[in-house]
There are 4 protein chains.
Amino acid sequence: MNLSVGCTLEYQVIEPTVFIFNIEAAMTPEQIVRNETLSGLPGDPAERFVTTEPGNRCLRIQAPAGNLRIDYDADVETADFTDGIENVAEIPAGLVPPEVLTYLSPSRYCQSDRLARFADQQFGGLAPGHNRVTGICNWIWDNVEYLRGNTDSQTSACDTIVERVGVCRDFAHLGIALSRALGIPARFVSCYTPGLVPADFHAVFEAYLGGANGPRWYLFDPTRMANLDQLVRIGIGRDAADVSFATFFGQTTLTGMTVRAAAGSDASMDKYPAPGTG
Amino acid sequence: MNLSVGCTLEYQVIEPTVFIFNIEAAMTPEQIVRNETLSGLPGDPAERFVTTEPGNRCLRIQAPAGNLRIDYDADVETADFTDGIENVAEIPAGLVPPEVLTYLSPSRYCQSDRLARFADQQFGGLAPGHNRVTGICNWIWDNVEYLRGNTDSQTSACDTIVERVGVCRDFAHLGIALSRALGIPARFVSCYTPGLVPADFHAVFEAYLGGANGPRWYLFDPTRMANLDQLVRIGIGRDAADVSFATFFGQTTLTGMTVRAAAGSDASMDKYPAPGTG
Amino acid sequence: MNLSVGCTLEYQVIEPTVFIFNIEAAMTPEQIVRNETLSGLPGDPAERFVTTEPGNRCLRIQAPAGNLRIDYDADVETADFTDGIENVAEIPAGLVPPEVLTYLSPSRYCQSDRLARFADQQFGGLAPGHNRVTGICNWIWDNVEYLRGNTDSQTSACDTIVERVGVCRDFAHLGIALSRALGIPARFVSCYTPGLVPADFHAVFEAYLGGANGPRWYLFDPTRMANLDQLVRIGIGRDAADVSFATFFGQTTLTGMTVRAAAGSDASMDKYPAPGTG
Amino acid sequence: MNLSVGCTLEYQVIEPTVFIFNIEAAMTPEQIVRNETLSGLPGDPAERFVTTEPGNRCLRIQAPAGNLRIDYDADVETADFTDGIENVAEIPAGLVPPEVLTYLSPSRYCQSDRLARFADQQFGGLAPGHNRVTGICNWIWDNVEYLRGNTDSQTSACDTIVERVGVCRDFAHLGIALSRALGIPARFVSCYTPGLVPADFHAVFEAYLGGANGPRWYLFDPTRMANLDQLVRIGIGRDAADVSFATFFGQTTLTGMTVRAAAGSDASMDKYPAPGTG
């Protein structure tokens with residue numbers, strides 16, 4: 001799948017401020033990034049690094065006081081995860097790879113330790129496997145209202161269990177917390193995806209499960225807003241605390257944000273002609 | 001129904017301490033108290049008063065440093081609330097009596113304001129009336145595990161929605177919060193009741209509903225531990241904050257507590273012979 | 001002191017809705033209400049009643065779908081509480097009147113039970129009395145930032161201790177919770193007061209203390225925004241849950257609100273000429 | 001410094017259970033482990049791995065139903081961190097190494113995002129550097145009571161700010177949260193240390209600061225219980241969620257736990273004779 005994604009972020013920087021952006025499409029074997037442009041960086045050299053998970057690309061800049069406007073655009077080709085979801089099992093705790101174990105622990109917004117009884121009660125009777133995580137997503141869809149303006153950056157899975165309202169980030173946090181409470185490793189994925197109204201960054205989650213071709217991370221979107229074939233991953237982490245699209249240290253105000261995402265196989269063909277046809 | 005109830009409370013009083021006890025059976029038109037004894041009060045005169053709701057009997061004493069042991073016993077005759085629960089409706093907000101409106105508001109342990117969406121989602125589809133509150137109790141019974149040692153005096157209905165475990169007090173708080181969230185006035189009732197293992201004070205709740213004989217408070221016990229015909233009310237309030245069995249102001253340790261409750265119609269006949277038969 | 005106060009509340013009523021307003025100036029021996037007008041009530045007769053504390057005036061109406069606009073205005077004369085605050089002592093728990101004891105208990109937004117250690121630590125060393133409650137207010141002023149938009153109707157005193165930001169309601173809740181945690185009865189007061197920018201309802205609190213003329217409730221405003229001589233009380237309760245200016249049962253949106261308050265002794269003289277001078 | 005440390009953990013394993021233990025002394029360049037014994041492992045091969053931070057040693061076993069008793073002992077030599085704490089500065093956000101940035105984010109028990117105003121207010125005026133983190137520790141020592149039995153595995157830094165009571169784990173979480181809220185990377189350290197009464201695992205924290213010899217992690221113990229020269233590190237992570245001494249997946253009860261830690265340079269000389277002297 002080929003997608004074009006991007007964003008524009010505008011800030012009023014009151015005092016010299018360090019920014020860490022995590023807006024660029026992740027670079028992984030399953031996600032090829034092409035034609036990438038990033039403009040608006042201040043004169044000082046930006047520092048690039050990877051955090052938490054391979055492929056998470058961070059950009060640290062030092063912005064002087066004044067207006068800052070960052071424009072990012074890229075064409076991305078994502079692998080087709082076509083292997084089915086039938087017969088996808090859960091991985092016993094004894095076999096979860098060490099580097100995945102961290103995704104079983106409670107985190108800032110996913111207090112799975114407090115949700116063990118609820119998860120067991122509600123989902124303990126479902127057959128383990130991919131279908132059980134789908135059961136979690138269905139439960140969230142049925143029981144949590146998607147509504148902007150009722151939650152904020154401090155809202156956690158426990159708040160959402162009580163208040164039953166939230167946005168994509170809250171839905172993902174709850175899906176993660178419930179999965180972990182059942183012993184299923186789960187992690188947060190920030191992403192671009194076409195078709196959101198209004199366009200925005202999106203958040204989904206992944207559970208670590210074992211299919212016929214071995215264990216891997218499987219995507220889930222309890223908001224049902226994204227076509228999971230049309231996701232461009234940005235950052236992966238324990239929860240939103242790991243993958244803020246922007247973190248800053250200094251007095252600064254976000255004054256504008258637009259996000260772009262479009263699927264386009266034709267367009268991409270034009271842009272990336274096959275060898276020999278140019 | 002005739003019941004014999006009582007308790008023994010023992011304290012090590014480190015410094016002169018004011019105690020407010022709410023352990024005596026309430027005196028209401030529906031609950032007649034006889035043969036009452038209370039021993040162990042220190043020399044200073046105790047002050048008696050009524051709080052929150054008519055019938056709640058409080059006892060304030062000033063205890064010197066040393067050991068304090070209060071023994072209370074009473075025989076109580078409770079009215080038979082035999083009118084049925086069929087056709088018992090909810091009272092529209094416009095018709096709830098002013099003095100009952102306080103039982104629609106959120107309180108310390110019953111944050112009904114945070115539970116509105118959940119209550120509507122889970123119970124909004126049930127036909128309004130006594131049966132809907134029974135539906136709340138059934139849901140609590142099905143979804144919250146009764147287990148000692150997992151909650152404490154700070155545990156609230158929101159905690160219980162998350163953690164799904166608690167004791168009678170927690171069950172009552174959740175029943176109250178969910179009722180209020182649906183617009184049904186609800187209040188906390190501390191009580192004596194036979195048959196608890198181990199014997200202890202008990203907590204249930206009441207919802208204000210309208211039957212054929214007009215509106216009144218109807219009892220509910222989401223723990224299913226009490227026979228509702230065998231309850232001796234002690235205190236009624238918004239939640240446990242209103243009706244602690246003992247509040248004290250001073251350095252003091254509870255060193256022992258036993259609670260007694262037995263049903264006994266024969267015994268009571270012997271004790272209270274009808275006029276002219278003695 | 002003479003003040004003119006009032007408000008205009010506008011709603012879009014989506015479905016027939018019961019409203020309970022608590023916007024009228026309280027009528028108490030210390031607060032005389034004159035020239036009162038209330039317009040915009042729908043055709044059905046409004047019901048008036050008093051809740052929680054004597055003088056709290058509530059108005060219950062049934063509004064049909066459509067636009068609702070309530071205008072309230074009154075001239076109010078408040079007593080001069082001129083007895084000093086020197087030598088105003090705290091009331092020992094053994095002497096707090098029974099009807100005041102409820103203001104020692106934790107409530108929805110004032111979880112004094114969780115704040116006992118902090119209150120003792122921070123204020124336990126201050127000499128008991130009016131001055132200690134002033135110490136609480138000074139601490140709040142020094143440690144909590146007054147800022148709109150960071151808190152909402154679910155914010156409680158425990159949130160404010162953590163986040164250190166809020167509005168008048170949050171300041172009052174924290175003052176109340178800390179007072180109760182020290183064993184000082186405290187209650188919430190919603191009011192009109194001149195000089196707020198922007199004009200709005202205000203919230204302060206009262207502590208029950210004992211001066212030379214006997215115990216009474218003393219006003220405190222930890223926001224320092226009100227001139228305490230220029231307060232017109234609306235409602236008094238355990239916390240904001242008791243004295244919402246508007247509670248409604250039905251689908252309804254607040255579309256406009258303006259609040260008016262002005263001090264005016266000359267104006268009031270004109271309006272209320274002494275007998276025989278007309 | 002030479003220390004002898006160890007522990008005995010006893011479980012009643014109700015059903016076959018996977019355990020992950022993190023009880024072994026970390027192996028790092030600054031901490032040499034000798035004479036290590038570990039007994040009681042069930043027959044199945046144990047799996048060893050490292051998590052979160054280099055040196056954290058985890059042991060995963062599959063225990064059958066029955067009694068499980070693990071005994072661990074080791075002699076450990078720790079480096080002398082003798083470079084002073086004078087002139088130790090904070091690291092500007094722009095210079096924090098990428099792999100350290102995760103220790104600036106909020107985590108399950110260290111919600112630094114909610115504590116920004118408090119931290120700035122209380123510690124913003126202190127000169128940045130090692131001394132400022134000492135100021136945080138002093139504040140915790142002065143304002144939080146060390147007391148067992150008031151907190152549990154769900155207690156977080158926000159709870160401790162409200163309730164002002166806790167144990168070593170709570171003290172460390174609060175120190176971490178306040179440091180991060182000031183922009184200082186901080187992490188949790190579980191450890192053995194002599195002299196605790198009763199003997200137990202201990203928890204302290206580290207802040208990432210920059211001294212004359214370059215940036216490194218500096219130890220802090222807000223409980224003042226440990227001699228920081230006599231710590232044997234076990235695990236390092238964002239908070240206690242990362243470094244539980246035991247995590248298990250299955251129905252199991254901890255039935256006994258003893259912890260051992262003793263400093264002993266003489267003993268260690270006997271035990272580790274220099275080459276050629278044996």
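Start in chain C and select strands β3, β6, β1 and β15: these 4 strands form an open sheet in the order β3-β6-β1-β15, with antiparallel pairing. Strands here are DSSP runs of E with at least two residues, numbered from the N terminus, and two strands pair if DSSP finds at least two bridges between them. The model is predicted: local features need pLDDT of at least 70, side-chain atom pairs count only at pLDDT 80 or more, and totals for chains, interfaces and linings use all residues. Residues are numbered from 1 along each chain as its sequence is written, while chains are lettered from A and ligands numbered from 1 in the order in which they are written.

P198(C) is in the loop between β10 (186-192) and β11 (202-211) of chain C. Then switch to chain A, where the peptide bond from V197(A) to P198(A) is cis, with omega near -5 degrees. There, P198(A) lies in the loop between β10 (186-192) and β11 (202-211) of chain A. Most residues other than glycine have a negative phi, and most peptide bonds are trans.

How many residues of chain A are in contact with chain D? The count is 25 residues of chain A against 25 residues of chain D, where contact means that C-beta atoms, placed from the backbone, lie within 7 Å. Strand β5 (residues 57-63) of chain A gives the largest share of the chain A side, 3 residues. That side divides into 9 nonpolar, 11 polar and 5 charged residues. Ala, Val, Leu, Ile, Met, Phe, Trp, Tyr, Cys and Pro count as nonpolar, Asp, Glu, Lys and Arg as charged, and the others, Gly among them, as polar.

Hide chain A and select β11 (residues 202-211) of chain D. Of its 10 residues, 8 are buried, so the strand is largely enclosed by the rest of the structure. A residue is buried if 20 or more other C-beta atoms lie within 10 Å of its own, exposed if 12 or fewer, and partly exposed in between, with C-beta atoms placed from the backbone.

- β7 (residues 89-90) of chain D pairs with β11(D) in the antiparallel sense over 2 bridges, and E90(D) stands opposite L209(D).
- β10 (residues 186-192) of chain D pairs with β11(D) in the antiparallel sense over 6 bridges; V189(D) has V204(D) as its bridge partner.
- β12(D) pairs with β11(D) in the antiparallel sense over 7 bridges, including that of Y208(D) with W217(D). A hairpin joins β11(D) to β12(D) through 2 residues.

Finish with two backbone angles in chain D. N35(D), in strand β3 (residues 31-39), has a positive phi near 55 degrees and is not a glycine. N35(D) counts as exposed, with 12 C-beta neighbours inside 10 Å. R224(D), in the loop between β12 (214-220) and β13 (232-237), has a positive phi of about 60 degrees. R224(D) is partly exposed, with 13 other C-beta atoms within 10 Å.

Methods: Two residues are in contact if their C-beta atoms, placed from the backbone, lie within 7 Å.
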